[in-house]
Amino acid sequence: VGCAGKQETRRMNLIRPTPRMLTGLMVFLLAISLWQIGEGSWVYAKAGLAQHLLQRAWSRTLAGEADAKPWPWADTWPVARLMVPSQHIDQIVLEGAYGRTLAFGPGHVESAGPIGASDTVILTGHRDTHFSFLKRLQPNDVIELDTTAGIRRRYRIKETRIADSRTAAIGITHDQSQLILVTCYPFDAIQAGGPLRYVVTATMEGTELKRRERKDGADDPD
């Protein structure tokens, strides 16, 4: 019995972590944490910096350049300018609702039809960057959308809802112009890619306003 007890003690000593092992483990965990923080920070930085380049591409678009790419290797281009006065939001919308596009700005769902030619405009964006403001929107809030033709459309929010992408469908109407903003839900989900979507529906009011760009970068109605 005594010999067995000594052997068990030896085995326990062999698997007991040493100070060096503990230090190495702590360094490893710290490195992983810093890497994850860096990855998250880069996502926000990329989203913010891209909008500056997109604003320049948008100016070129309004000047008449077709499919003005924000950077040489881009496979997308600005198609609209989205503004929400109550939230101080001013974003350039890109063509295509793809992952590679949404990293830089809101994307236009092409299947709904070209902006300016379709009664329904559908835009989508990431819940933790460009479209994080959707959770603060309320019915009757105003949303403005500038088209590449220099036309400003003014919408007023009709409803906000949570939809399951596996069973729900976004209705496209032909009797009233509407703007639909879509993002993933919940906003604070740890992992992305769930089936729920947060949907904001706004209807156009009044008439479209023709805009003109001033030399100082602002714009005025004609």
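Which residues form one aromatic cluster? Y185, F187 and Y198 do, and they get a close-up of their own below. This is a predicted model, where local features need pLDDT of at least 70, side-chain atom pairs count only at pLDDT 80 or more, and totals for chains, interfaces and linings use all residues. Residues are numbered from 1 along each chain as its sequence is written, and side-chain values use heavy atoms, with hydrogens and water left out.

**Figure 1. The whole chain, with 3 helices and 10 strands.** Helices (H or I, at least four residues) and strands (E, at least two) are DSSP runs, numbered from the N terminus. Starting at that end, the order of elements is α-α-β-β-α-β-β-β-β-β-β-β-β. The chain has 222 residues, and 38% of them are buried; buried means under 20% relative accessible area, exposed over 50%, and partly exposed in between (1.4 Å probe, protein chains only). Take the contacts (heavy atoms within 4.5 Å) with a separation of 6 or more: 55% of them join residues 24 or more positions apart.

**Figure 2. The largest nonpolar core, a set of 23 residues.** A nonpolar core here is a set of buried Ala, Val, Leu, Ile, Met, Phe, Trp, Tyr and Cys residues joined through side-chain atoms within 4.5 Å. The members that touch the most other members are L82, L123, L134, I143, L145 and L179. Two or more residues each come from β1 (78–84), β2 (89–95), β4 (120–124), β5 (142–147), β6 (151–164), β7 (178–184) and β8 (196–204). The biggest giver is β1, with 4 residues. In soluble globular proteins, nonpolar side chains tend to be buried together. Zoom in on L82 and, once neighbours within four places in sequence are set aside, its contacts are I89, D90, Q91, V93, L123, F131, F133, I143, E144, L145 and L179.

**Figure 3. The aromatic cluster of Y185, F187 and Y198.** The structure holds 5 aromatic pairs. Rings of Phe, Tyr and Trp (its six-membered ring) pair if their centres lie within 6.5 Å; planes under 30 degrees apart count as stacked, over 60 as edge-to-face and the rest as tilted. Y185 and Y198 make a stacked pair, with 5.8 Å centre to centre and 20° between the planes. That pair links distant parts of the chain, as Y185 sits in the loop between β7 and β8 while Y198 is in strand β8, 13 residues apart. Y185 is partly exposed because its relative accessible area is 27%, whereas Y198, at 10%, counts as buried. F187 and Y198 are edge-to-face instead, at 5.1 Å centre to centre and 65° between the planes. F187 is also in the loop between β7 and β8, 11 residues from Y198. At a relative accessible area of 14%, F187 is buried.

**Figure 4. The largest pocket, about 330 Å³ in volume.** The search runs on a 1 Å grid over the protein atoms alone: a cavity is a set of points where a 1.4 Å probe fits but cannot get out, while a pocket is an open set with protein on both sides within 12 Å along at least five of seven lines, and lining residues have an atom within 4 Å of a point. Grid points are joined across faces, edges and corners, and the volume is the space filled by probe spheres set on the points. Of the 20 lining residues, T124, V182, T183, C184 and R197 are the closest to the pocket's centre. The elements that give two or more residues to the lining are β6, β7 and β8. By type, the lining splits into 9 nonpolar, 6 polar and 5 charged residues. Ala, Val, Leu, Ile, Met, Phe, Trp, Tyr, Cys and Pro count as nonpolar, Asp, Glu, Lys and Arg as charged, and the others, Gly among them, as polar.

Figure 5. Not counting residues up to four places away in sequence, W77 touches D67, A68, P70, V93, L94 and E95. Its C-alpha is 9.4 Å from that of T101, 24 residues apart in sequence. Leaving out neighbours within four places in sequence, T147 is in contact with W58, L62, V79 and I115.
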